[in-house]
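Reader: I would like to learn how to read a few features of a structure, one at a time. Where do we begin?

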Amino acid sequence: MNDIDVAIVGLGLAGSATAWALSRRGRSVAAFEAYGPGHRRGSSHGRARIFRRAYLDPLYVDLTGRAGRLWEELNASAGEPLLTRTGGVDHGPGREPERMAALLRDHGVAAELLDPAEAAHRWPGVRFTGPVVFDPEGGVLDPEATMAALARLAAEAGAHLAYDTPIRALEPDPTGVLLHTDEETWHARTVVVAAGGWTGPLLDGLVPLPPLSVTQQQVFFFDRTDPGPWPTIVHGETTLDVYALPEGPYLKFGAHVGGTATTADDRDFVVDPAARESAIAYARTWLPGVDPEPRAELTCLYTSTPDEDFVLDRRGPFVVCSACSGHGAKFTPLIGELAADLVDGRPPIARFALR
Ligand SMILES: Cc1cc2nc3c(=O)[nH]c(=O)nc-3n(C[C@H](O)[C@H](O)[C@H](O)COP(=O)(O)OP(=O)(O)OC[C@H]3O[C@@H](n4cnc5c(N)ncnc54)[C@H](O)[C@@H]3O)c2cc1C
């Protein structure tokens with residue numbers, strides 16, 4: 001039987017970052033991924049996610065600062081720009097622009113509060129009707145390039161990475177956990193479960209988790225007709241909670257709420273026609289700089305807690321690393337460090353603790 005210090009289940013953004021963080025701390029690491037690199041069944045596929053400091057919650061403003069510094073280190077270690085700073089805008093009453101600008105400035109972010117005319121002059125592809133916060137640290141990260149870089153760095157630091165290798169069962173034993181694949185059994189003293197939408201079923205009966213709801217979300221890609229510049233965009237109106245970001249020649253657009261409840265294994269990958277209609281209507285009203293007929297679309301999974309906080313804590317030999325709730329990508333290198341801290345016996349961030 002293969003014996004290892006730490007095993008990781010799942011090589012999405014969270015598991016890949018954990019593999020690198022642990023292997024560069026000198027741990028012997030084996031990581032298992034059920035599918036191939038860049039597969040589209042989880043939460044981390046595609047080429048663009050928003051990085052932003054712009055949260056209305058001081059905890060996340062602080063954590064985005066830590067994550068941002070780690071992204072700069074990761075960019076340097078990878079030798080490529082995995083996070084590109086485009087700047088980001090937040091607008092609409094749901095984003096409380098005045099309070100957000102003050103909070104960001106309190107945390108050392110050089111945020112600007114703009115009136116709608118100034119904002120429209122800077123970003124003619126977007127329609128603004130009220131105050132706008134500009135977060136100069138906002139940007140776009142590339143998840144597939146990030147996972148590939150993290151896997152390469154982890155392997156260079158000695159990690160064993162096994163793709164197309166589902167863990168069929170986790171079985172605690174007196175000195176750790178047995179991990180059963182189709183072919184063999186591994187033993188690890190600690191297991192980090194970074195299994196996204198599969199976390200609940202995998203840990204059923206092993207670790208009591210908060211309710212984790214798995215939803216199928218959809219995103220749409222509009223051709224950009226305005227040359228830009230294009231920032232990342234988060235827009236909250238009474239009935240709107242949407243985001244958009246440049247990805248190649250497109251503007252990627254999605255609604256943060258309104259996914260379809262599913263499970264990671266039973267989802268149908270079919271885009272909801274009502275969501276497509278809403279996306280088109282949104283683009284017609286709010287995005288004068290795009291062609292409102294989507295050029296492409298795809299589905300993706302959210303695994304969410306009721307309050308959208310992450311779950312990052314340890315029970316016995318199991319470290320639970322569930323960092324999605326639709327906003328985890330921006331924290332990727334920090335998630336790896338926090339999961340590695342838990343493996344090293346450090347306490348969790350209180351809000352991410354298991355109860
Ligand atoms: C449409 C959409 C838009 C988003 N936009 C943003 C954004 O703009 N900014 C942002 O910060 N975040 C965003 N997010 C959230 C972010 O993408 C997620 O937080 C992140 O991808 C979660 O990664 P993960 O590693 O936890 O999960 P996953 O990527 O799902 O990885 C889990 C992995 O575990 C594997 N696995 C499961 N079970 C097993 C098993 N038994 N054995 C082996 N492997 C297993 C799976 O195959 C999978 O690869 C978005 C998410 C979606 C869906």
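Reader: Is glutamate 308 buried, partly exposed or exposed?

Author: First, a caution: this is a predicted model. Glutamate 308 has a relative accessibility of 33%, so it counts as partly exposed.

Reader: Where is glutamate 308 placed, and what is its phi?

Author: Glutamate 308 is in the loop between β18 and β19 (311-315). Its phi is positive, about 65 degrees, although the residue is not a glycine.

Reader: Which value of phi does aspartate 164 have, and where is aspartate 164 found?

Author: Phi of aspartate 164 is near 50 degrees, a positive value in a residue other than glycine. Aspartate 164 sits in the loop between β9 (160-162) and β10 (169-173). The cut-off for exposed is over 50%. With a relative accessible area of 57%, aspartate 164 is therefore exposed.

Reader: What is omega for the peptide bond from glycine 228 to proline 229?

Author: Omega is near 15 degrees, and the bond is cis. As for location, proline 229 belongs to the loop between β13 (213-223) and β14 (232-237).

Reader: Now the ligand. Which residues come nearest to the ligand?

Author: There are 35 residues around the ligand, and Glu33, His39, Ser44, Ile50 and Cys300 come nearest. By class, the shell has 21 nonpolar, 11 polar and three charged residues.

Reader: How much of the ligand does the protein bury?

Author: The ligand exposes 1000 Å² when taken alone, and the protein buries 97% of that.

Reader: Which elements give two or more residues to the shell?

Author: They are α1 (13-24), β3 (49-51) and β18 (296-304). Of the elements, β18 gives the most, with three residues.

Reader: Why does the ligand lie between domain 1 and domain 2?

Author: Domain 1 (1-47 + 142-209 + 307-355) gives residues to the shell, and domain 2 (86-137 + 213-304) does too, so the ligand lies between them.

Notes
Residues numbered from 1 in each chain as written. Predicted model: local features only at pLDDT ≥ 70, side-chain atom pairs only at ≥ 80, totals over all residues. Heavy atoms only, no water. Near = heavy atom within 4 Å. Areas by Shrake-Rupley, 256 points an atom, 1.4 Å probe, with all protein chains shown as cover. Helix = DSSP H or I, 4+ residues; strand = E, 2+ residues; numbered from the N terminus. Nonpolar A, V, L, I, M, F, W, Y, C, P; charged D, E, K, R; others polar. Domains from an automatic or database assignment. Buried < 20%, exposed > 50% of the residue type's maximum accessible area, 1.4 Å probe, protein only.
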